[in-house]
Amino acid sequence: MDYLNYINPGIESINPYEPGKSIEEVMEKYNLKEIVKLASNENSLGPSPKVLKVINNFKDIHLYPDGDGIRLKSKISEIESINSDQIILGNGSNEILEIISQTFLSPNTESIFSKHAFVVYKLASKVRGSKFHEVNAHQWGHDLNGFLEKINDKTRLIFIANPNNPTGTYLSHENTLEFLNKVPKKVLVVIDLAYFEYVTAADYIKTHEILDKFPNVIFTKSFSKIHGLSALRIGYGFGNETLIEIMNRVRQPFNVNSVAQKAAIESLSDQEYLKESINQNTKERLYLYKSLESMSVDYIPSQGNFICIDTKSSGKEIFESLMKKGVIVRPIDLYEMPTHIRVTIGNRTENNIFLEKFNEVLYKG
Ligand SMILES: Cc1ncc(COP(=O)(O)O)c(C=O)c1O
């Protein structure tokens, strides 16, 4: 096993990504009949019924997918009002983050992101042996001035999640523009929009304006959240066409499967369904805020489909107790938020079950 002494630098310090617990795993372990899963920011409405119809009729599993994703890119270009060659498809937006890191990070380079930001930025940097700066958060959100202070000659990538997972905080258009104007053009800024559909803040970023002004910005979007296609693994990035062309050299030839491509096209076409999902989330987010306030429980106001709740005790223990009662949430000690839990916003029934069990755990042990 001497070869284990030669793994790439950075990898030895990685803790593997811990996904939310699966329903089957928890049912079996605690002998439960019903589970409410509010752990991975999935859409509780599931995918659009139109998507399910397309998937159920899909037969061509013996054929390779369209490696260029031409039809899906054409649909995305229509929706984003950009050219197809400004788009790269990924096996989840996670793969886009990986491709960006693979393209720009190596042991002699640096990346910057916020403390309490999506963990994949750190993982992707570590795997490439690159140095990273985790900037202290400001009121749980990204401190962009702190980011600027960390930029040096070795900086290649800045990761910004807007809204951020797990905190649910967001950055305004004005603050983002002010920041981008100060970032040297040789640094690529990745703006991760996995949850942008859920944002209701009026001063949220306008991607077009940013794209037109800053060729050193790439946006990523996901089909795993509001589109309800997490299991199919599909997402995309969009930005400057030269950048996208270079990233496409790194991308695996058939990285996005045919079922996912078809489902994504159908989902983008079903705007009614997306609106319904947004409305449910906006309504239920307010409902959870009010309910938590009536329980005198602190939370971080969120622009996403999840809320971080301060349990004022061990988030991990609260998570364990809730799991035994059939509610799966997410402990976030990994994000250096040991007293918080992250709860996905579900439908009214799911939210009420969570609130009831959470109340029991908090006050009755
Ligand atoms: C902020 C953020 N970005 C990206 C992703 C990756 O999503 P996916 O690879 O499923 O598109 C997630 C998933 O939780 C996320 O929270």
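Gln303 lies in the loop between β9 (298-300) and β10 (306-310), where helices (H or I, at least four residues) and strands (E, at least two) are DSSP runs numbered from the N terminus. Despite its loop setting, Gln303 is buried, at a relative accessible area of 13%; buried here means under 20% relative accessible area, exposed over 50%, and partly exposed in between (1.4 Å probe, protein chains only). Gln303 and Ala260 sit 43 residues apart along the chain, and their C-alpha atoms are separated by 27 Å. All of this comes from a predicted model, in which local features need pLDDT of at least 70 and side-chain atom pairs count only at pLDDT 80 or more, while totals for chains, interfaces and linings use all residues. Residues are numbered from 1 along each chain as its sequence is written, and side-chain values use heavy atoms, with hydrogens and water left out.

Arg330 belongs to strand β12 (residues 330-331) and, at 11% relative accessibility, counts as buried too. A polar atom of its side chain lies 3.4 Å from the backbone oxygen of Ala39. That pair is a polar contact, meaning N or O atoms within 3.5 Å; within protein, one must be able to donate a hydrogen and the other to accept it, and residues adjacent in sequence count only if both atoms are side-chain atoms. Ile246, by contrast, is in helix α9 (residues 241-250) and is partly exposed, with a relative accessible area of 31%. From Ile246 to Ser172 it is 74 residues in sequence and 30 Å in space, C-alpha to C-alpha.

Now to the ligand. The ligand sits in the largest pocket. A pocket is worked out on a 1 Å grid over the protein atoms alone, as an open set of points with protein on both sides within 12 Å along at least five of seven lines, whereas a cavity is a set of points where a 1.4 Å probe fits but cannot get out; lining residues have an atom within 4 Å of a point. Sitting in one takes more than half of the molecule's atoms within 2 Å of its grid points. Around the ligand are Gly92, Ser93, Asn94, Phe118, Asn165, Asp192, Ala194, Tyr195, Ser222, Ser224, Lys225 and Arg233, each with a heavy atom within 4 Å of it. This shell splits into 3 nonpolar, 6 polar and 3 charged residues (Ala, Val, Leu, Ile, Met, Phe, Trp, Tyr, Cys and Pro count as nonpolar, Asp, Glu, Lys and Arg as charged, the others, Gly among them, as polar).

The protein covers 94% of the 400 Å² of accessible area that the ligand has on its own, by the Shrake-Rupley method with a 1.4 Å probe; for residues, only the protein chains shown count as cover.

Arg233, one of the shell residues, has a positive phi near 60° without being a glycine. Arg233 is in the loop between β7 (217-222) and β8 (235-238) and is partly exposed, at 30% relative accessible area. Gln139, likewise not a glycine, has a positive phi of about 45°; this residue is in the loop between β4 (131-135) and α6 (144-150) and is exposed, at 67%.

The loop between β5 (155-161) and α7 (173-182) holds Pro163 as well as Pro166. A cis peptide bond joins Asn162 to Pro163, with omega about 0°, and another joins Asn165 to Pro166, with omega about 15°.
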